[in-house]
Amino acid sequence: RHVLSLVIPPELEKAGPLNKTKVAEGGRKLRKNWSSSWVVLVGNSLMFFKDPKAQTPTSWKPGHSKPESSIDLRGAQLHWVNDMSSRKNVFWLRTVTGNEFLLQSDTETVIREWFSTLHGVIERLERE
Ligand code: I3S
């Protein structure tokens, strides 16, 4: 897959700023620590970059900068949540490895678009 992705880079599906906190690692609950992140969805991978203000939707190119962290969406679960944060517009995402995240935007349309795009990718991966 690595060699192939050098020849045919996976498609950039979506990119933009979101607030993010990890809430569990390998199933173990973590203390929340919200931060703003530049989020990039390419193929099966959701990548988190530092400093959203230094990024634009077109500044991400394969190999140009290294994500702070990256998650594989294959087998991931996604739910809207009301009771996991006092913030509005929050959804929860869990990877197969038991890492759990909350993602949030103050702009409802923004978070809805991310939810629907991620939902679509996760469903597509289930069918593959
Ligand atoms: O679910 P919690 O414990 O109310 O989450 C809040 C805490 O993580 C808090 O940090 P401290 O652990 O230092 O109290 C964060 O600053 C808050 O942002 C968390 O709540 P929200 O509602 O913002 O997710």
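Me: Taking helices as DSSP runs of H or I with at least four residues, and strands as runs of E with at least two, both numbered from the N terminus, where is serine 85 found?

Reply: Serine 85 is in the loop that runs between β6 (77-80) and β7. The model is predicted, so local features need pLDDT of at least 70 and side-chain atom pairs count only at pLDDT 80 or more, while totals for chains, interfaces and linings use all residues. Residues are numbered from 1 along each chain as its sequence is written, and side-chain values use heavy atoms, with hydrogens and water left out.

Me: What is the mean pLDDT of the chain?

Reply: The mean pLDDT is 88, and 82% of the residues reach 70 or more; pLDDT is the predictor's confidence in each residue, on a scale from 0 to 100. For the complex, the predictor gives an ipTM of 0.87 and a pTM of 0.86. Where pLDDT is low, predicted coordinates should not be read in detail.

Me: How many helices and strands does the chain have?

Reply: There are two helices and eight strands. Read from the N terminus, the order of elements is α-β-β-β-β-β-β-β-β-α.

Me: Back to serine 85, then. Is it buried or exposed?

Reply: Serine 85 counts as buried because its relative accessibility is 13%. Buried means under 20% relative accessible area, exposed means over 50%, and partly exposed lies in between (1.4 Å probe, protein chains only). Of the 128 residues in the chain, 38% are buried.

Me: Which backbone nitrogen does the side chain of serine 85 reach?

Reply: That of arginine 87, at 2.9 Å. A polar contact is a pair of N or O atoms within 3.5 Å; within protein, one must be able to donate a hydrogen and the other to accept it, and residues adjacent in sequence count only if both atoms are side-chain atoms.

Me: Now the ligand. Which residues surround it?

Reply: Arg31, Lys32, Trp34, Ser85, Ser86 and Arg87 surround the ligand, where a residue is near a molecule if one of its heavy atoms lies within 4 Å of it. By class, this shell holds one nonpolar, two polar and three charged residues. Here Ala, Val, Leu, Ile, Met, Phe, Trp, Tyr, Cys and Pro count as nonpolar, Asp, Glu, Lys and Arg as charged, and the others, Gly among them, as polar.

Me: How far is a polar side-chain atom of serine 85 from an oxygen atom of the ligand?

Reply: The distance is 2.7 Å for serine 85. A side-chain N or O atom of lysine 32 also lies 2.7 Å from an oxygen atom of the ligand, and for serine 86 the corresponding distance is 2.6 Å. Of the 500 Å² that the ligand exposes when taken alone, the protein buries 46%; these areas come from the Shrake-Rupley method with a 1.4 Å probe, and for residues only the protein chains shown count as cover.

Me: What about the loop that holds asparagine 89?

Reply: Asparagine 89 is in the loop between β6 and β7. Its phi is positive, at about 60°, although it is not a glycine. Most residues other than glycine have a negative phi. Asparagine 89 counts as buried because its relative accessibility is 17%.

Me: Changing topic: which residues of the largest nonpolar core touch the most other members?

Reply: Among its 20 residues, they are Leu46, Leu73, Phe91, Leu93, Trp114 and Leu118. At least two core residues come from each of β3 (35-42), β4 (45-49), β7 (90-94), β8 (100-104) and α2 (108-127). Helix α2 gives the most, with seven residues. A nonpolar core is a set of buried Ala, Val, Leu, Ile, Met, Phe, Trp, Tyr and Cys residues joined through side-chain atoms within 4.5 Å.

Me: Where is leucine 102 found?

Reply: Leucine 102 is in strand β8 and is buried, with a relative accessible area of 0%. Its C-alpha atom is separated by 6.4 Å from that of valine 90, twelve residues apart along the chain. Tryptophan 80 is partly exposed, at 38% relative accessible area.

Me: And glutamate 126: buried or exposed?

Reply: Glutamate 126 belongs to helix α2 and counts as exposed, at 58% relative accessibility. Glutamate 126 and arginine 74 are 52 residues apart along the chain, with 7.3 Å between their C-alpha atoms.
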